[in-house]
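Have the sequence and the structure open as you read.

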Amino acid sequence: MASTATISSATSPSASEASAATRGRVRTRTVLVFGGLTLALVTAVIVAAGSGQLEVSPSEVIGSILHRLGIDAGSMPSHPNGDAVLWDVRFPRVVMALLVGSALGVAGALMQGVFGNPLAEPAVVGVSSGAAVGACLVIVFKITVLGTFTTPVAAFLASLLTTLIVYGLSRSNGRTEVVTIVLMGIAVNAVSAGLIGFFVFLGDTQAREQIVFWQLGSLNGIRWQAVAAVAPLMAVGLAGAGTVARRLDLLALGERPARHLGVNVERLRLTTIVMVALLVGPAVAFAGIIGFVGLVVAHLLRMVIGPSHPTLIPASALGGALVLLLADLFARTAVDFADLPIGMLTALIGGPSFFWLLRRERSRAGGWA
Amino acid sequence: MSWRRVTRLPDASAPGDVVLSARGVHVRFGQVEVLAGIDLDVRAGEVVALVGPNGAGKSTLLGALSGDIDALPGTVTVNGTSVADWTSLELALRRGVLPQRSDVSFPFTVEQVVRMGREPWRNTEAEDADDVIVAWATESTDVVALMGREFPSLSGGEQARAALARVLAQQPGLLLLDEPTASLDIAHQEQVLGIARTRAEAGDAVVVVLHDLGLAAAHADRVVVVSGGVVVADGPPADVMTDALLSAVYGCAIEVLRHPRTGALMVLPRRDIVDLAESLEQRPLTTKGAP
């Protein structure tokens, strides 16, 4: 009835070419980012494993790995203790850094997706400190019902509870305002700090030392046993993150539009929250509170490869692993005979980045909404 | 989503089939009864315009029809089945909803946003036609030139059209549009309602909330006037849109004229008369046609 033919579509061919070009550019960038991150990760693993008080050259590291794989190629470490140091000390720590880093990176991307807010992050909203409360609880009261899994499971349950509380209290209409989330973080961190203080007061000297270690975050003294304790939980979390990725894209439209596109929003939210807790809890249980990795990694990657979760989530896993591996390498080699707390490092770099993001968000939203 | 049972794909409706049916819809916000028992049927092949003054309950009614607002104790059925008996995916294959405002949390491109409309059809045969349908949806809403732009960076009118393209890409048999013309210029208003007409002629059922009575008169098959939480009139534009009814509903002197050349209905406020009671005395209520 109403004529629409008068609205010219003369611009469409060139415009669709432009759109195809944009898509092509994003795809190229995505391939470059994944390729670059993988290459950097492999290099960093070899360098990190070889670095320390006992230096092992990269070719000897590769030789040792090949040897363990049953391939007799390359040169074995020349130092008599070289092979043992690599496999008993360095590799567990490197693998833990990769696991914890990818867990934090993915948890950041997931939280930002489910909160609909680019500033959501486990440490900022207090989920990490909540997990630490769970870990401290079992340490102080010497609970060991689940053996080596006790601490990661307790941390998982505590971080799940914290995430649910934060999520339930800070959302309205499917979105979370910047101010709400920052204030929620302050409140949750304050309560967690109070509980941790209480546990410090209750605990004996050994427990106190362990608790102080959490607050700073460190991968010092990680052995294969610890890796084996966190790996299953994190594997479930990482795999689960992949399954919710597409639906998180739809959630960016808002809760109701997502529902009108067939998403069971309640189920999606709960699944995502459980995944976050599965990733953050065990990471905190063994590595302590390491903040800002999820925030910065997911945010930078989103700027480069776009916000689509099916690519953002795996990229955040790679990016988080790389950042944490490098941070840990720096932490243990920057000062001779000292292991700097890694949480302190990430906070020193991540804090200012968070500040910068806050400023950017503020100018974008036209003030604090 | 619904791995427990096989998703029921929609069958095509014949023109005149009741696609959406609401019975006894009540909505209460706190003490205020916003909708006080609304019955409404929408058939395949028709455009139904919901009009009424601010606060009459038009958007609330659309919210109840779309499931965003609880309609209890009333019932809403889509394609003859109560909404409670469809899964959210099955409803998404049948019912598309365009909200008044569309916000996107992250800088997704327009193309990504429009493609999200195809998501319910994943793993069905219709998935193969995704590219063709997305191209059609973006061309008919005039957003092709915006495809590579980030959705949050668009103007309000551009966002409204891109959001409509997403809903069209979903290809539902029932379209619920909440003020789709609110932030559009006159050309795009015509275009958007032209799309609604085209969809209805293709056999879809379209419900659209409108403020502009002239647009409603020109493009709708049926006009439903909502006032005070009830339906006060429901019928073809020429029957429903009378001086008396509109003046009473809007509390303002309104006259309905025929365009001298085309005969189309024109709805205008009587700016020469300040007092409503006086105007009703001066002009016979049923008068229609050019002065």
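The text below takes up the salt bridges and then the contact between the chains.

This is a predicted model, in which local features need pLDDT of at least 70 and side-chain atom pairs count only at pLDDT 80 or more, while totals for chains, interfaces and linings use all residues. Residues are numbered from 1 along each chain as its sequence is written, chains are lettered from A and ligands numbered from 1 in the order in which they are written, and side-chain values use heavy atoms, with hydrogens and water left out.

**Salt bridges**

Over all chains, the whole structure holds 25 salt bridges. The term stands for a side-chain nitrogen of Lys or Arg within 4 Å of a carboxyl oxygen of Asp or Glu.

| Pair | N to O distance |
|---|---|
| B:Glu90 and B:Arg8 | 2.9 Å |
| B:Arg28 and B:Glu33 | 3.7 Å |
| B:Arg149 and B:Glu158 | 4.0 Å |
| B:Glu119 and A:Arg246 | 3.0 Å |

Helices (H or I, at least four residues) and strands (E, at least two) are DSSP runs, numbered from the N terminus.

How exposed are the partners? Buried means under 20% relative accessible area, exposed over 50%, and partly exposed in between (1.4 Å probe, protein chains only). B:Glu90 is buried at 0%, whereas B:Arg8 is partly exposed at 34%.

In chain A, salt bridges join A:Arg93, A:Asp328, A:Arg332 and A:Asp339 into a network.

**Where the chains meet**

Chain B brings 40 residues into contact (heavy atoms within 4.5 Å) with 37 residues of chain A. About 3,300 Å² is buried between the two chains, with carbon and sulfur atoms giving 63%; this is the accessible area (1.4 Å probe) that two parts lose on being put together, summed over both.

One salt bridge is counted between chain B and chain A, and B:Glu119 and A:Arg246 form a salt bridge through their side chains. On the side of chain B that touches chain A, at least two residues each come from H2, strand E6 (95-98), helix H3 (110-116), helix H6 (186-201) and helix H7 (213-219).
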